Amino acid sequence: MTEPAKVSMEKIVSLSQRRGFIFPSSEIYGGLSSCWDYGPLGVELKRNIKQAWWQTVVQERDDMVGLDTSILTHPQTWAASGHLEGFVDPLVECKSCHLRWRGDDLKDNSCPSCGGEVTEPRLFNLMFKTFMGPIEEDASVVYLRPETAQGIFVNFQNVLNTTRKRLPFGIAQIGKAFRNEITTGNFIFRSREFEQMEIEFFVKPETAEEWFKYWREERLNWYVKLGIKKENLKLRQHAKGELAHYARACDDIDYLFPMGWAELEGVANRGDFDLVQHANASGKGMTYFDDETKEHFIPYIIEPSAGVDRSALAFLCDAYDEEPDKDEMRVVLRFHPALAPVKVAVLPLSRREQLVTVAKQIYADLRQCWMVQYDDAQSIGRRYRRQDEIGTPFCVTIDFQSLEDEQVTIRERDSMNQIRLPIAELKQTLEAKLEGEDLFVLPAGGKVWKVEKEV
Ligand code: GAP
């Protein structure tokens, strides 16, 4: 395997559009600024990312439960949380070309587009406003949530009462969030509608520091486990002046995106800020009763907050590779099998009826377990390249010999190695391979298949 190519954003955008990962939103009308639509492969990638996250942080843990709260939340939520007042960015406008910018993004207080003078900054609230009910009046103003977290805080007592969880425990949620960002860009990195995967982990205040460190490591390792190269990830501590209004401390997990290092996920210590604010504003108790010490107190919250879209972008960039292949360049997405949108492609060598019958049978069988593609168009080499470009880990080829010996070929994406094995053992072998077993040593019986290179 050659050194991974440093990929440009143009290549990722082009591949995403060409192969159906991501399209500009409402493209036929010229696109809607900073909104994106996920195509047939993009939706699989996103589902796999969310599934992997849910499995790690909810399914495999005793101390976590899930939640799915509404996007429209009682407006008092946002007054209490400090978002109405504090979720603002400084907006400036160029006096010459009238483009608008975030004041704190400008280096020398001049317009990045034309160099013109900009206005004094005014604070701009990032929450999207809409109206509940048929009459547009102030009383019915509601906001699209800018983070999923608040839905968790306002349900803290509900979860406590219905699950009988004891501290430390967490509540996890995946869902859409909306921010009327002043400047967007870098493809899906910063958009106005995006998805978050958030954990609010409730702990005894004196253990908050320990849990903060724990989650920082845990979350960093999750990306590595799913294939992101260690050298492309780093932790960055927020400076005091940079902290969100609710945070006592925050470390970002930064990824080396094509445009440079930038935040992939934030891990914050929110202290008791949110629960205290909601207790005061709602008049409802937000305390926890410790039945060992017989104390009532408000827990501290450690919050690992990740973006689904930013994760998708990071996984795409990290998986992208190019290598010389005969006279062409082979483009490969080296996705971890758990994230690959398509796990297996079934490729009959020809469209002859007998071959098609066998291939279709294999296809029907395998798709009960995984997302599988059936492709019988063009040469086998071209079909392999098409699958490489979308990151399919395995191709199964059915040839004329298969009709005689009831064997097929599995071809592996990264090494391009091939093995031939009985159809009867195909599913079990693929299952083991997708779970990460060495491709050519079968767990059952320790059999070693003859390995050949793709020709
Ligand atoms: N509840 C805490 C919170 O929302 P944040 O750092 O503002 O913290 C968490 O957002 C994560 O959500 C970010 O690390 C990023 O992955 C994602 N995110 C935030 N704003 C985004 C945007 N405009 N577009 C895409 N993803 C965004």
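An open sheet is formed by 7 strands in the order β3-β10-β11-β17-β14-β13-β12, with mixed pairing. Its edge strands, each pairing on one side only, are β3 (64–67) and β12 (233–237). From one strand to the next, the twist averages 25°. The model is predicted: local features need pLDDT of at least 70 and side-chain atom pairs count only at pLDDT 80 or more, while totals for chains, interfaces and linings use all residues. Residues are numbered from 1 along each chain as its sequence is written, and side-chain values use heavy atoms, with hydrogens and water left out.

**Sheet edge**
- Strand β3 runs parallel to strand β10 (residues 169–178), and 4 bridges join them; strands pair if DSSP finds at least two bridges between them.
- Leu-67 stands opposite Gln-173 in β10.

**Helix packing**
- Helix α2 (residues 40–59) packs against helix α9 (residues 308–319) at an angle of about 110°, and their axes are 10 Å apart.
- The two helices α2 and α9 are therefore roughly perpendicular to each other, a term that covers angles of 65 to 115 degrees.
- Residues of α2 including Leu-45 and Ile-49 meet residues of α9, among them Phe-315 and Leu-316; contact means heavy atoms within 4.5 Å.

**Glu-323**
- Glu-323 is found in strand β18 (residues 320–325).
- With a relative accessible area of 10%, Glu-323 is buried, which means under 20% relative accessible area with a 1.4 Å probe, protein chains only.

Definitions and conventions
Buried < 20%, exposed > 50% of the residue type's maximum accessible area, 1.4 Å probe, protein only. Axes fitted to C-alpha atoms, helices over the stretch in contact; angles between N-to-C directions. Parallel < 35°, antiparallel > 145°, perpendicular 65-115°, else oblique.
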